[in-house]
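Hi,

Here is the structure I promised to pass on. Have a look at it first, and then read my notes below.

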Amino acid sequence: KIQFAELPLRQTVFVTMIHDIYHELAEGIDNLFKCKHLIQKYHADGSLQYKVSAPEEVVTIGPRAWSIFSQMIQTGQDDNRERPFLVSFNEATRHAESAFIGPVGSDGECEHTDEFVLEAHNKKDAETLLSFGHTHPVFTFSNGDSSAYGPLPSCVFMSEEEIRKDQARYDKGTPKWLAYEEMLESELHEKHACDYVESLWDSTRPGFHPEGVGVGSRFHWIITPRLHKIGVFRIPDDGSGLVIYHPWVKQEEEEEPQNGGAQPPQ
C-alpha cells in the first residue's frame, strides 16, 4: 500500500543528522583515487561517469516530501529492506513537493510496480513529474565489518534472462513489452548496471509505465537509511552513462499566521 504524506507538517519523525552525498562526491570528483575509493566504498557502478552540478543548482525538498524521506530512513534503519518511492517533482523549480512509498522489497531488491506508479501518478501535484527513487541497504557481518550500498547507482547488473523474465509478464507487442525489447536491443544492460539502465528508461520511455503516466523526471533519488544519506542525480537522455548529482536542501516549514489571517499570496 502506498503511504501518502498525510502526516501533519509539524509532526516530526526522529532521525539523526541526514547528509547529502553531493558534498562527498564534489570533494573527490577531480581526484581519480578518491573517486575510485567512493565507487568501491559504496558498491557503485564503476562504468558510469559521475559529475556534480554547480552549487547553485539546488534541489529543494518540501515538508511533505521530507516527512516521507524521514519515515523511510527511520524504518529502513531497522529492517534494512529496500523500498521503492516516487517523488512529485517540479523540474522547472527543482522542487520535491511530496513523496509516496511503494511495496516493501527485500534486502536486495524492490520494484516500482505498475499499480504503485499509476496510483502515485493520480495523486501527484498536477504540474509535476514522477521522480523515481529507492533505498539501499547496509550489511553488517558477525566480525564487525560492514558492506554499504550508498546513495549512488549500484554495481548490480541484470542479465538478459532477468530482463526476459520481466518482459514475459506483458503481452507481446504491448508498450511495456516493447520497452523491454528496446532495452535488450540497446545492449546497455551489458555496459551499465541495473540502477542506471532502469532509471534511464523511467525518464525516456513512456511505454515503460502504465498508459497515461508518460515519462518520469530526469531526476532520480537513492537513500541509504543506515548511512543517513540522500543523493539526488540527473540523467541526460542520451544514454552516455553520465550522472550529475545536485545538492539538496530541506525547505523549512512556513510559519502559521499569528492572528488567524490569511497567508500572503505566493
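**What I found**

The protein chain has eight helices and 13 strands; helices (H or I, at least four residues) and strands (E, at least two) are DSSP runs, numbered from the N terminus. Please keep in mind that this is a predicted model, where local features need pLDDT of at least 70, side-chain atom pairs count only at pLDDT 80 or more, and totals for chains, interfaces and linings use all residues. Residues are numbered from 1 along each chain as its sequence is written, and side-chain values use heavy atoms, with hydrogens and water left out.

Some overall numbers to start with. Of the chain's 266 residues, 50% count as buried (buried is under 20% relative accessible area, exposed is over 50%, and partly exposed is in between, with a 1.4 Å probe and protein chains only). Among contacts with a separation of 6 or more, 69% are between residues 24 or more positions apart; a contact means heavy atoms within 4.5 Å.

**The largest pocket**

The largest pocket holds about 1,000 Å³ of space. A pocket here is an open set of points on a 1 Å grid over the protein atoms alone, where a 1.4 Å probe fits, with protein on both sides within 12 Å along at least five of seven lines; lining residues have an atom within 4 Å of a point. The volume is the space filled by probe spheres set on the points, and grid points are joined across faces, edges and corners.

The lining has 39 residues, and the closest to the pocket centre are Glu109, Cys110, Glu111, Cys194 and Glu198. Elements that give two or more residues to this lining include helix H4 (114-123), strand S7 (129-135) and strand S10 (219-224). Helix H8 makes the largest share, with five residues. By class, the lining counts 16 nonpolar, 10 polar and 13 charged residues (Ala, Val, Leu, Ile, Met, Phe, Trp, Tyr, Cys and Pro are nonpolar, Asp, Glu, Lys and Arg are charged, and the others, Gly among them, are polar).

**Two covered strands**

S10 is worth a look, since six of its six residues are buried. Phe219, Trp221 and Ile223 are buried on one side, and His220, Ile222 and Thr224 on the other. S10 pairs with S7 in the parallel sense over three bridges (strands pair if DSSP finds at least two bridges between them), and Thr135 stands opposite Ile223. S10 also runs antiparallel to strand S11 (residues 229-234), with six bridges joining them; there Ile223 stands opposite Ile230.

Strand S6 (residues 95-101) has seven of seven residues buried, so the rest of the structure largely encloses it. Two bridges join S6 to strand S4 (residues 59-61) in parallel, with Ala96 as the bridge partner of Ile61. S5 pairs with S6 in the antiparallel sense over six bridges, and Leu86 stands opposite Phe100.

**Positive phi values**

Most residues other than glycine have a negative phi.

Asn80 has a phi near 60° and lies in the loop between helix H3 (63-79) and strand S5 (84-90). Asn80 counts as buried, at 9% relative accessibility. Glu187 also has a phi near 60°, and its loop runs between H6 and helix H7 (188-191). At 46% relative accessibility, Glu187 counts as partly exposed.

Best wishes
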